[in-house]
Every structure is written in structure tokens, then in C-alpha cells.
Amino acid sequence: MTDRQLQNCNSGGQFMDRGRMNQNGVVQPLLTDLYQITMAYAYWKSGKIDDQSVFDLFFRTNPFHGEFTIFAGLEECLKFLDSFHYSESDIDYLRQTLPEGVENEFFDYLSRLTAKDVTLYAIDEGTVAFPRIPIIKLEGPLIIVQLLETTLLTLVNYASLMATNAARYRMVAGKHVKLLEFGLRRAQGPDGGLSASKYSYTGGFDGTSNVLAGKLFNIPVKGTHAHAYITSFSGIGELKTRLLRHKTTGTTGDLLDHAVRHRQALSQVLDVSQEESSEGELAAMVSYAIAFPDGFMALVDTYDVKRSGLLNFCAVALALNDLGYHAVGIRIDSGDLAYLSCLARETFEKVAIRFKVPWFNTLTIVASNDINEDTILSLNEQGHKIDCFGIGTHLVTCQRQPALGCVYKLVEINGQPRIKLSQDVEKVTMPGHKNAFRLYSADGHALIDLLQKVTEPPPSVGQKVLCRHPFQESKRAYVIPSRVELLYKVYWKDGKITQKLPTLEQVREKVQISLKTLRNDHKRTLNPTPYKVAVSDNLYNFIHDLWLQNAPIGELS
């Protein structure tokens with residue numbers, strides 16, 4: 001067994017205990033692209049060990065045809081820096097994998113390499129972010145900062161995409177509807193499933209069905225049962241247990257007898273024939289209610305919601321009421337969700353009045369069944385009565401856009417700016433070490449994000465600032481900010497984390513607070529207004545001067 005495998009086993013599996021945080025054992029220096037290590041050797045061979053560099057990590061376009069992105073994954077990046085070290089088995093593997101001729105001294109160099117000389121600047125996790133504004137900046141020795149690239153990108157790309165997707169679902173669902181993540185079985189592998197659970201919660205979901213995610217990240221875990229539980233019963237004769245103690249008196253009652261009696265009365269009230277309903281479904285619900293009398297939530301669409309599921313659920317819920325318990329609600333997993341949710345709510349209201357059980361009016365209606373953003377918008381238009389959505393495939397796989405597209409670019413080396421040119425202007429990089437500021441209007445909304453050279457004085461409240469489009473000369477405007485926010489904080493320096501890291505709950509709250517700073521037209525689903533990102537006049541001129549210096553001059557003949 002290798003030293004890395006032994007470390008993972010000793011710490012309980014994939015997630016290693018690193019004090020306050022669970023460290024994912026998969027996230028290690030070899031979780032990278034080979035060319036990072038071959039470049040590191042070429043840098044080393046060229047004598048660039050002491051070269052100092054600055055890299056920007058940013059994205060070029062917002063996902064899902066929207067105009068904002070939620071930055072997530074920072075904590076995982078910091079854990080990676082904290083644990084960065086090539087183990088003996090890593091070095092042995094690299095000796096076997098890299099081309100012959102790589103000098104032994106390079107492997108000795110790698111074995112001593114850590115991130116202690118790296119400085120990491122970032123915006124706060126959970127903050128809304130926008131294209132071209134670096135969400136992370138790294139400063140330090142060229143070789144180590146280059147080696148961090150792929151791992152940092154994989155930690156930020158999916159996390160930010162997932163948190164953004166979840167935040168969009170939260171906005172279309174509204175603040176009063178619960179959202180549960182049900183996507184583990186459809187996620188891209190176990191690690192994808194865990195990340196989806198964590199970052200959907202960050203983005204505004206209320207819980208997950210993923211038990212391990214609940215344990216690791218302290219996320220509320222929710223769930224009921226599958227159709228298999230209902231279909232495993234064919235009749236009431238299969239019930240091996242029918243008795244349940246009264247919640248307060250302790251007297252034993254026959255839950256099935258109570259349910260059958262209520263079912264007969266309900267068939268008249270709801271105008272549904274008992275003969276059309278499933279006896280096996282009734283037996284399954286009685287069985288489940290006996291197991292979870294305080295948490296009875298039943299799936300009602302196994303056979304027919306109207307003719308069977310609602311009748312049997314209400315019968316069992318009233319039987320539980322006789323014995324001092326309150327059912328929780330139902331889940332609908334197929335069919336016309338708008339119609340069926342309205343039917344269910346109407347049914348509960350009838351039962352509440354007829355049987356004098358006002359708490360029936362508060363029963364929860366959960367809907368699942370391949371739900372996406374458009375589904376929720378359509379259901380809203382139809383006036384649904386759903387209290388909670390269980391969302392899986394479209395959420396965790398981010399089907400509308402499977403990748404965010406973060407990139408990691410060298411912008412300065414040994415104090416000298418670097419620019420990448422392209423015929424595609426969108427791919428031209430912003431050179432040099434920069435600061436980013438968010439300028440706010442008097443009503444508290446974010447107006448514009450402004451990039452400046454680090455040597456420039458920051459914008460001042462009440463003072464006119466010229467903001468320019470980085471590449472279109474005619475696009476410019478004066479802004480007089482009522483508030484100015486420096487977006488970057490130093491999160492890693494001298495080999496340690498320099499900020500108190502927020503809890504997952506605090507990051508989750510940060511997302512909603514940050515979203516409230518955006519105008520509604522930036523957040524709307526259809527044709528949102530683009531949020532403006534600008535550069536200072538000084539940086540604009542700097543970029544274009546450097547562009548001209550580096551662009552080759554063509555020759556016509």
C-alpha cells in the first residue's frame with residue numbers, strides 16, 4: 001500500500017480529516033494535466049526557479065444565458081494549497097512516467113516543493129462574479145504557481161457552475177418554496193454527487209437526499225420512499241404489524257382498522273370508489289406510517305393519484321391523527337404536476353373541514369419528476385400548489401451548460417506584464433497585476449465592476465470615475481459611486497490561511513445577500529440586462545499599448 005493510500009485509509013476514506021475541514025483525498029498534486037509537470041521541468045531546466053509570476057483565474061461568459069455567476073470552491077482551493085506536497089509514491093510515479101533524461105535533481109526539487117511562497121487573493125466565496133474579473137489571483141514562484149493551475153480550475157469550475165445553477169432555481173421557485181437536491185444517482189460519479197450536494201446547498205437549496213453529504217457538510221438530509229416500497233405490498237394481509245402506541249397516552253391502537261374506517265368515510269367525501277383504489281398501496285402506507293408516525297410522507301402516484309393515492313394517504317393520515325400523530329405530506333413524481341398539486345390541496349382542505357383537522361391545510365406537497373427551470377416557470381404560470389421541489393438530473397448535471405469555462409492566465413512575470421493576443425478579442429487577456437472594485441449606486445445596487453492597475457489609487461466615493469470597455473474605444477462612461485468595495489482579500493500567504501473562513505451556512509447566506517445587490521433586470525430569466533465590467537482609463541491605455549508592442553506587423557506584397 002502506498003503512503004497516500006495509507007493516509008486515506010487512516011483518515012476514513014476519500015475525505016481526510018484536516019482539523020476544521022474535510023480534505024478530499026482525491027485532491028492532490030497529481031490531480032493535474034501532464035503538461036503542467038513537463039512545463040515545470042522545462043522552467044527548472046531553463047533556470048526559472050526564482051522567477052516571480054502573477055496568474056489570473058477568471059471566466060469569459062456567464063453560464064445558462066444569464067448575467068451573473070456565483071463564485072464557489074475557494075475553501076477547497078485553500079485546503080489544496082495547505083496540503084500541497086508530492087509524496088514519495090508521487091515522485092516514484094513521476095520518475096517512471098516522465099521522459100527519460102529528466103534529471104534526478106528535478107525530482108528532488110519537486111519533493112521539497114510546497115505552496116508556502118504563494119500568495120492567493122480572491123473575492124469572497126458566495127459573491128456574485130462577472131466575466132473577465134479575476135475571481136482568484138495567485139502571486140509567487142513561477143513553477144509552483146503554474147503547477148497549481150489544473151487543480152484550482154477543477155475545484156472552481158464545477159463548484160461555481162453548480163452554485164449558480166442552484167441560485168437560479170431558487171430565484172424562479174421563490175423564497176417560500178423549499179428546494180431539495182435529489183441528484184446523487186444521476187451525478188457524474190461519487191465526487192460529482194458530493195460536490196453537487198454541497199454547492200446546491202450553497203446556492204440556496206434547503207437540503208439533499210445524499211446522506212454522506214449530510215454527514216460531511218452538515219447539510220439537512222431529506223427523503224421519503226420509492227415506488228418500490230409501495231409495490232412491494234399487494235394487500236393488507238401482508239401486514240405483519242398493525243399496532244401503534246398513542247403518542248401521548250401510550251395506549252396501543254390498530255392503525256389499519258382506523259385507516260380502513262376513515263377510508264370508507266373519505267370515499268364519500270372525495271367521491272372516489274374504494275374498489276378503484278389499491279389495497280396494496282394502503283398496506284404499504286400503513287406499514288410506513290407505523291415505522292415513521294411523526295414523519296409520514298407518502299408517494300401517492302404509484303397507481304393513480306386521484307383514485308387511489310390521495311384516498312389512501314388521507315385515510316392513513318387520519319388514522320395517525322387518531323393516535324396523536326400528524327402526517328407530514330405527500331410526494332408526486334409523475335403526471336400533470338400543476339393539476340395534481342391543486343387537486344391534492346383541494347382534497348386536504350375538504351378533509352380539514354369535514355373531519356375537523358385544521359392541520360391538514362398545512363400538509364406539504366412535494367413534486368419531483370425531471371424538473372428544470374422552465375418547468376418551475378411554467379408551473380408558476382399555472383398556479384401550482386407545490387410546497388417543495390425535489391430536483392435531480394437537470395440540477396446536478398447542469399444540462400443547460402455543462403461547464404463554466406474558467407481559465408488561468410499568466411499576466412505578469414518578474415514585474416513585467418504579459419498579454420495573450422488572439423484574433424478572437426474575447427480571448428485577449430488583461431495584462432499585469434490588477435485590483436478589482438465594485439461601484440455602487442445611491443440605492444445600494446451594484447453599478448459596475450472596475451479593473452485597475454495595482455499602482456493606481458482606488459476610486460473614491462462621490463468622485464467621478466472614467467470607466468471604459470476594455471476593447472471598444474467608444475464605450476465609456478463616468479460613474480460617481482456612492483459606495484466602493486475592494487473585491488480582493490488575501491486568503492493565503494506565508495504558508496497559511498490568512499482569513500477566518502466562513503461556514504457553509506455563512507457562504508449560503510452570502511449568496512443571497514450578494515444577489516440582492518443586483519438589479520432585478522440583471523437577474524431575470526429572459527433577456528437579462530448585461531452587467532457592466534470596465535477598466536480604468538490608465539489600464540485601458542496600458543492594455544492597448546502592450547497589444548501594439550506584441551502584435552506582429554503584417555506585410556503585403
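Q: What should I know about the model before I start?
A: The model is predicted, so local features need pLDDT of at least 70 and side-chain atom pairs count only at pLDDT 80 or more, while totals for chains, interfaces and linings use all residues. Residues are numbered from 1 along each chain as its sequence is written, and side-chain values use heavy atoms, with hydrogens and water left out.

Q: How many helices and strands are there in the protein?
A: Helices (H or I, at least four residues) and strands (E, at least two) are DSSP runs, numbered from the N terminus. The protein has 19 helices and 25 strands. Its C-alpha atoms fill a box of roughly 90 × 60 × 50 Å, taken along the principal axes.

Q: What percentage of the residues count as buried?
A: Start with the cut-offs. Buried means under 20% relative accessible area, exposed means over 50%, and partly exposed lies in between (1.4 Å probe, protein chains only). Of the 557 residues of the protein, 55% count as buried.

Q: What do contacts say about residues at least 24 apart in sequence?
A: Contact means heavy atoms within 4.5 Å. Take contacts in the protein between residues at least 6 apart in sequence: 73% of them join residues at least 24 apart.

Q: At what angle do helix α11 and helix α13 pack?
A: First, the method. Axes are lines fitted to C-alpha atoms, for helices over the stretch in contact, and angles run from 0 to 180 degrees between N-to-C directions. Helix α11 (residues 255-269) and helix α13 (residues 305-322) pack at about 125 degrees. Their axes are 8 Å apart.

Q: Which word describes how α11 and α13 lie to each other?
A: Angles under 35 degrees count as roughly parallel, over 145 as roughly antiparallel, 65 to 115 as roughly perpendicular, and the rest as oblique. α11 and α13 are therefore oblique to each other.

Q: Is the crossing of α11 and α13 left-handed or right-handed?
A: A crossing is left-handed if the near helix is turned anticlockwise from the far one by less than a right angle, and right-handed if clockwise. α11 passes α13 in a right-handed crossing. On the α11 side, the contact residues include Leu 255, Ala 259 and Leu 266. On the α13 side, they include Ala 315, Val 316 and Ala 319.

Q: How do the residues of the contact of α11 with α13 divide?
A: Ala, Val, Leu, Ile, Met, Phe, Trp, Tyr, Cys and Pro count as nonpolar, Asp, Glu, Lys and Arg as charged, and the others, Gly among them, as polar. This contact has 10 nonpolar, 4 polar and 3 charged residues.

Q: Is Ala 259 buried or exposed?
A: Ala 259 lies in helix α11. It counts as buried, at 0% relative accessibility. Leaving out residues up to four places away in sequence, Ala 259 touches Leu 282, Val 286, Ala 315, Val 316 and Ala 319.

Q: How do α3 and α7 cross?
A: The axes of helix α3 (residues 74-83) and helix α7 (residues 149-173) come within 8 Å and cross at roughly 155 degrees. The two are therefore roughly antiparallel. Their crossing is right-handed. Glu 76, Cys 77 and Phe 80 in α3 meet Thr 151, Leu 152, Leu 155 and Val 156 in α7.

Q: At what angle do α7 and α15 cross?
A: Their axes come within 9 Å and cross at roughly 5 degrees. That makes α7 roughly parallel to α15. The contact includes Tyr 169 and Val 172 of α7, and Ile 376 and Leu 377 of α15. The residues divide into 5 nonpolar, 2 polar and 2 charged.

Q: What is the phi of Lys 356?
A: Most residues other than glycine have a negative phi. Phi of Lys 356 is near 55 degrees, a positive value. Lys 356 lies in the loop between α14 (337-354) and β14 (364-367). It is exposed, with a relative accessible area of 70%.

Q: Where is Asn 527?
A: Asn 527 is in the loop between α18 (520-523) and β25 (532-536). Phi of Asn 527 is near 50 degrees, a positive value in a residue other than glycine. Asn 527 counts as exposed, at 56% relative accessibility.
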